[in-house]
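Thanks, everyone. Please have the structure open.

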Amino acid sequence: MKPLITILTIVGHLTFFLLPVYPIELSEPAWYYKSMGDRKLDEGNYGEAIVEYKKAIIKRIKEQESNNKSQKKELKGYPEANIALAKIYIKQKLYDMAMVHLDKAEQLKSLLQIKDQIFDVYYLKAEVYRLTKKRKKEIDMYKKIIGNDPNWNIRRRYSIGTFKSLMYLRNDNISRLKFGKAYFELGKIYLETGNYITAEPYLSMSFLYGYNTDLSFRYLKECYNKLNKKSIIESLENLK
């Protein structure tokens, strides 16, 4: 099945590149081609989805040029379509092409209709780095995500094993969605490499946010066991 999907993806590239730079028959608005790409993607037609997403990008640029004729240096593009293309390329293990579109989406982040979608870009980049075994870049990407969390600075002012006074973070659903995975994955990386002191604050934030709570709890217990902090484990169990 995978070779067939890859062939369809290549067909999508060829079909697109045979089009003129500005295809004549793009009579619908950009969002229409984006929605068509989403539909084709849901159907598993990756090649056709690629064509539609790239049409969406071209049409959006034409729309922007038409609306901003006097502002030639204005950012132009359709970052949501770039993100969608990157997801297809990741599925197809075409990581270089995925990164091209993720870089473009990040460059155009000011054009995102939902501004927090930039975190999708960061997480997808981290995934590419993980899959291509670029550990340092993966770590840097998680730190970039965490750097946007104001609660991280609050946590760092507390001593190791501090939880009770920070349990209010469990109710911060928005921050959990944006930052929880970054704390969890980064803490897990440091735990697996034996950096227990470094892992602890990241895993504690994952636990406090209620992200993957059972695993966060288990990894924290492992950290405190390695650090010979048995009393912290007892207090932690009461908060779970």
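I'll go through some of the salt bridges, pair by pair.

First, a caveat: this is a predicted model. The salt bridge count comes to ten. I'll show you three of them.

Start in helix α3, which covers residues 46-67. Lys55 and Glu52 form a salt bridge there, at 3.6 Å from N to O. The two sit three residues apart, about one turn of the helix. Buried or exposed? Both Lys55 and Glu52 are buried.

Stay in helix α3 for the next pair. Arg60 bridges to Glu63, and their closest N and O atoms are 3.3 Å apart. Again the spacing is three residues, about one turn of the helix. Now look at burial. Arg60 has a relative accessible area of 16%, so it counts as buried, the cut-off being under 20%. Glu63 comes out at 22%, so it is classed as partly exposed.

Glu106 and Lys125 form a salt bridge with closest N and O atoms 2.6 Å apart. Glu106 belongs to helix α5, residues 95-107, and Lys125 to helix α6, residues 118-131. So this pair ties together parts 19 residues apart in sequence. How buried is Lys125? Its relative accessible area is 5%, so Lys125 is buried. Glu106 is buried too, at 15%.

Which residues join Glu106 and Lys125 in one network? Asp103 and Lys144 do, through salt bridges that share partners.

That's my tour. Over to you for comments.

Conventions. Residues numbered from 1 in each chain as written. Predicted model: local features only at pLDDT ≥ 70, side-chain atom pairs only at ≥ 80, totals over all residues. Heavy atoms only, no water. Salt bridge = Lys/Arg side-chain N within 4 Å of Asp/Glu carboxyl O. Helix = DSSP H or I, 4+ residues; strand = E, 2+ residues; numbered from the N terminus. Buried < 20%, exposed > 50% of the residue type's maximum accessible area, 1.4 Å probe, protein only.
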